[in-house]
Amino acid sequence: SKYTILASPLLFETKQSSYCDEVLVIDVSEEVQILRTKTRDNVSEEQVKTIILSQINRSERLRLATHIIENEKTLDDLEKAVKELHQKLITQIENK
């Protein structure tokens with residue numbers, strides 16, 4: 001593989017970002033994040049909000065990101081964006 005992915009929901013909070021040359025944030029609005037988490041984990045909105053409050057805030061997370069993919073739409077849209085970024089990264093690596 002030409003690059004490695006470290007998937008970590010608390011990448012910045014745990015300082016794991018120091019191991020990374022580049023950081024991808026898959027971003028979604030707080031409203032969508034709450035809805036999706038409630039549905040996926042079968043938890044209350046209050047529980048989701050508590051989790052969100054324990055994380056770095058969204059604006060700071062986006063500021064620290066090297067790459068951002070918006071995830072407000074469909075899974076197909078997300079997959080397309082990930083493939084586009086993958087191709088960009090491969091090209092970037094090959095041109096070094």
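Mentor: Let us begin with a term. A crossing of two helices is left-handed if the near helix is turned anticlockwise from the far one by less than a right angle, and right-handed if it is turned clockwise. In this predicted model, H1 passes H2 in a right-handed crossing.

Trainee: Which residues make the contact between H1 and H2?

Mentor: H1 contributes Glu30, Gln33, Ile34, Thr37 and Lys38, while H2 contributes Glu45, Val48, Lys49 and Ile52.

Trainee: How do you know that the span of H1 is close to the expected one?

Mentor: Helix H1 covers residues 30-41, which is 12 residues. From its first C-alpha to its last it reaches 16 Å, and the expected value at 1.5 Å a residue is 16 Å. Just after H1, Asn42 takes a positive phi of about 55°.

Trainee: Why is the pair Arg58 and Asp27 called a salt bridge?

Mentor: The term requires a side-chain nitrogen of Lys or Arg within 4 Å of a carboxyl oxygen of Asp or Glu. The closest N and O atoms of Arg58 and Asp27 are 2.7 Å apart, so the pair meets the requirement.

Trainee: What makes Asp27 buried or exposed?

Mentor: Buried means under 20% relative accessible area. Asp27 has 2%, so Asp27 counts as buried. Arg58 has 35%, which lies between the 20% and 50% limits, so Arg58 counts as partly exposed.

Trainee: Why does the pair Glu84 and Lys80 count as a salt bridge?

Mentor: The closest N and O atoms of Glu84 and Lys80 are 3.9 Å apart, and the limit is 4 Å, so the pair qualifies. Glu84 and Lys80 are four residues apart in helix H4 (residues 75-94), which means that about one helical turn separates them.

Trainee: Which term applies to Glu84, and which to Lys80, buried, partly exposed or exposed?

Mentor: Exposed means over 50%. Lys80 has a relative accessible area of 52%, so Lys80 is exposed. Glu84 has 49%, so Glu84 is partly exposed. As for networks, salt bridges that share partners join Lys38, Glu45 and Lys49 into one.

Trainee: How do you know that Lys49 and Glu45 form a salt bridge?

Mentor: Their side chains meet at 3.1 Å, N to O, and this is within 4 Å, so the term applies. The two residues are four apart in helix H2 (residues 45-53), and therefore about one helical turn separates them. Lys49, at 37%, counts as partly exposed, and Glu45, at 32%, is also partly exposed.

Trainee: How many salt bridges does the structure hold, and what is its secondary structure?

Mentor: The structure holds eight salt bridges. The protein has four helices and two strands, which follow the pattern β-α-α-α-β-α along the sequence. Of its 96 residues, 23% count as buried.

Methods. Residues are numbered from 1 along each chain as its sequence is written. This is a predicted model: local features need pLDDT of at least 70, side-chain atom pairs count only at pLDDT 80 or more; totals for chains, interfaces and linings use all residues. Side-chain values use heavy atoms; hydrogens and water are left out. The expected span of a helix is 1.5 Å times one less than its number of residues. Buried means under 20% relative accessible area, exposed over 50%, partly exposed in between (1.4 Å probe, protein chains only). Contact means heavy atoms within 4.5 Å.
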